[in-house]
Amino acid sequence: MNQELPLDQIIPGDCIEVLQTLPEKSVDLIFADPPYNLQLQQELWRPNMTRVNAVEDDWDRFESFAAYDRFTRAWLQGCRRVLKDTGTVWVIGSYHNIYRVGTILMDLAYWILNDMVWIKTNPMPNFRGVRFTNAHETLIWAQKNKGAPYTFNYQAMKALNDDLQMRSDWELPLCTGKERLKVNGSKAHATQKPEALLYRVIQSSSNPGDVVLDPFFGTGTTGAVAKKLHRRWIGIEQDRHYVKIARERLMAIEPEPYNEAVFAFPGKRNRPRVPFGVLLEQGLLRPG
């Protein structure tokens with residue numbers, strides 16, 4: 001078994017198989033954007049009779065819920081093996097799959113810390129008018145071992161939220177405009193996530209130099225943000241087309257010079273502590 005940690009690399013292949021080649025307890029943070037198993041039954045069309053470019057790829061097709069559950073359990077077990085005892089995992093999904101993922105996470109003894117709601121400020125409308133507009137996705141944040149210490153950069157999230165505690169509802173737009181990667185005028189990946197979303201995930205729950213793993217790397221958003229934030233990263237991706245796009249994307253990124261105040265956000269709990277009695281002994285405080 002290969003026990004070298006392939007830092008800052010994309011590993012082509014099936015994530016369930018690749019995870020078995022990585023060293024045990026070697027990763028600080030995992031972000032997973034797995035197939036949602038959308039179970040699309042028919043094509044979608046807009047009122048102007050243009051066809052919606054929905055997720056129709058083979059990687060999102062499973063023969064049954066049982067098959068999807070087996071797949072989910074296998075990759076989550078692989079993630080648990082490589083995650084440090086102090087590590088955490090984020091999994092994003094929609095109503096199609098997130099409840100099944102949550103159940104399996106708990107069955108595998110992960111401890112759920114939060115569920116976050118990504119509220120899309122520009123969601124795709126429900127063109128057929130038969131349901132509510134699906135305007136959010138859910139992220140589950142869980143630690144490997146209940147009660148173990150884990151990274152949460154509270155001050156960094158507070159600074160990002162006008163010096164207020166950050167809540168579990170995040171209003172962010174879909175990935176559009178120049179950020180959206182395209183090939184020959186079409187979307188390079190149907191489910192590319194916005195970098196702003198990954199910024200919050202990585203900044204909140206890792207530190208500079210930590211190893212961030214994405215087992216469904218796609219076009220490399222996790223690696224791009226990790227690189228900009230001075231984290232090490234590992235991507236696993238089975239589609240060679242996505243691997244090529246991601247590599248080109250990551251090679252073009254030049255991170256800003258490292259500055260602890262910008263990238264580390266040391267919290268108050270990490271500052272040196274002085275016993276209260278010392279303040280009295282030195283005459284810095286008076287009793288009463």
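1. Let me start with Asp214, whose side chain makes a polar contact of 2.6 Å with the side chain of Thr222. (A polar contact is a pair of N or O atoms within 3.5 Å; within protein, one must be able to donate a hydrogen and the other to accept it, and residues adjacent in sequence count only if both atoms are side-chain atoms.) Please keep in mind that this is a predicted model, where local features need pLDDT of at least 70 and side-chain atom pairs count only at pLDDT 80 or more, while totals for chains, interfaces and linings use all residues. Residues are numbered from 1 along each chain as its sequence is written, and side-chain values use heavy atoms, with hydrogens and water left out.

2. Asp214 lies in strand E9 (helices, H or I of at least four residues, and strands, E of at least two, are DSSP runs numbered from the N terminus). Asp214 counts as buried, at 3% relative accessibility (buried means under 20% relative accessible area, exposed over 50%, partly exposed in between, with a 1.4 Å probe and protein chains only). Leaving aside residues up to four places away in sequence, Asp214 touches Phe31, Thr222, Ile234, Gly235 and Ile236 (contact means heavy atoms within 4.5 Å). Pro34 is 180 residues away from Asp214 in sequence, yet their C-alpha atoms are 9.7 Å apart.

3. Now the sheet: 8 strands form an open, mixed sheet in the order E1-E10-E9-E2-E3-E5-E4-E6 (two strands pair if DSSP finds at least two bridges between them). Its edges are strand E1 (9–12) and strand E6 (169–172), each pairing on one side only. On average, neighbouring strands are turned by 20° against each other, direction ignored (axes are lines fitted to C-alpha atoms, for helices over the stretch in contact, and angles run from 0 to 180 degrees between N-to-C directions).

4. Strand E4 (residues 111–120) pairs with E6 in the parallel sense over 4 bridges. Trp118 has Trp170 as its bridge partner in E6.

5. Two helices deserve a look here. Helix H2 (residues 65–82) packs on the sheet, touching strand E2 (27–32), strand E3 (83–93) and strand E9 (211–214), and its direction makes about 150° with that of E3. Helix H3 (residues 98–107) lies across E3, E4 and strand E5 (136–143), running at about 165° to E3.

6. Finally, Ser204 in helix H5 (residues 195–205) is buried, with a relative accessible area of 3%. Its side chain joins that of Ser205 in a polar contact of 3.4 Å. Not counting residues up to four places away in sequence, Ser204 touches Trp90, Thr151, Phe152, Asn153, Met157 and Tyr199.
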